[in-house]
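Hi,

Here is the structure I said I would pass on.

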Amino acid sequence: MKIFGFWRSSGIIVLDISPIMWTATVAWPSIPRAMVTNIFLAQKTQFTTVQSVQFEQRKHEINALRADKNLPDLQDFCDLYDADVVCFTDPKPVVDMFDIQKQHHKSCGACFMELASPYPDEIDDMPPFILASMGSTGKANFNADFLERLGQFSACDQMIYVGPNPPLSDGTKLECKSFDRLPLNQFLPNVSVAITQGGNGSSYQALSYGAPLVVIPSHANQSILGEVLPELGVGICLPEESKGEELDDFDLRKLTGNAQQFAITMQQEDGPKTAVGYLIARSAFA
């Protein structure tokens, strides 16, 4: 793998990729190694993840390739998280719902990217609105019934949709403006409710500004946050084809209050700084 051709001159190898697909059969050099991931992906929990399913499907193939390189067999997917340090980039309330199982596993706090670019004038000075941040793979089916109920639930008549496959809001009272990318941090304080697929970046970013979530997951890993965040009282999880009837069972004011308290907790952490501290501490250049 040419991507690792630099390692003999490196101080540390840092990985933020799925080990099942990319590193399961790599013979690592004898320099420090770190992994950056989520707590529910790197250790056994009650949840089934994409990685755990992939490992069971390819276990014999992976171990055969490892045997050719005189590497020990892997018994389960957790064995792949054997770096010198594994940094969990989740907020403390999420980490606290799981038991950290190994000493080299470290809770760091949420990490997400914030764009610094300006946002369009057409969304400047908008009243409180709905934000749908669906990431690069967003494909939720926002049908007309769902949009109508969402508008009623949030008391908003405008929605900003960020990502591919924007919904058609024709025939509804909810006006939808669509964009490929936006610097969300610049207007998240004005968001009444945020819709995500359960991706860590968009979900944690919205919560860091106190915006309650509606999670519409499309695969197993996203469904985990879809279960965890409602247990913390900061979100709602809906199926992809929902028409929004479930929203009638929730009090947005209560969700908002919980999300704002969650944001205060998140503000006490600095996930990137903490993670970098662990990486430097393990680095050959420390």
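D248 and R149 form a salt bridge, with their closest N and O atoms 3.0 Å apart. (By salt bridge I mean a side-chain nitrogen of Lys or Arg within 4 Å of a carboxyl oxygen of Asp or Glu.) This pair ties together distant parts of the chain: D248 sits in the loop between strand 10 and helix 8, R149 is in helix 5, and 99 residues separate them. D248 is exposed at 56% relative accessible area, while R149 is partly exposed at 29%. The cut-offs there are under 20% for buried, over 50% for exposed and partly exposed in between, with a 1.4 Å probe and protein chains only.

Before you read on: this is a predicted model, so local features need pLDDT of at least 70 and side-chain atom pairs count only at pLDDT 80 or more, whereas totals for chains, interfaces and linings use all residues. Residues are numbered from 1 along each chain as its sequence is written, and side-chain values use heavy atoms, leaving out hydrogens and water.

The salt bridge count comes to seven. Among them is E175 with K177, at 2.9 Å from N to O; E175 is partly exposed at 42%, but K177 is buried at 14%. Another is D251 with R253, whose closest N and O atoms are 3.9 Å apart. Here D251 is partly exposed at 38% and R253 is exposed at 70%.

Back to helix 5, which covers residues 144-154. (Helices are DSSP runs of H or I with at least four residues, strands are E runs of at least two, and both are numbered from the N terminus.) Which of its residues are buried? They are F146, L147, L150, G151, F153 and S154. These lie on the same side of helix 5, because they cover an arc of only 165° around the axis, taken from the directions from the helix axis to the C-beta atoms. As a reminder, an α-helix has 3.6 residues a turn, so residues three or four places apart point the same way.

The buried residues pack against strand 5 (129-133), strand 6 (158-162), strand 8 (191-196), strand 10 (235-237) and helix 8 (252-267), with contact meaning heavy atoms within 4.5 Å. As for the ends, N143 caps the N-terminal one, with a side-chain oxygen 3.2 Å from the backbone nitrogen of D145. Just after helix 5, A155 takes a positive phi of about 55°.

Cheers

Note on methods
Polar contact = N/O pair within 3.5 Å; in protein donor to acceptor, adjacent residues only side chain to side chain.
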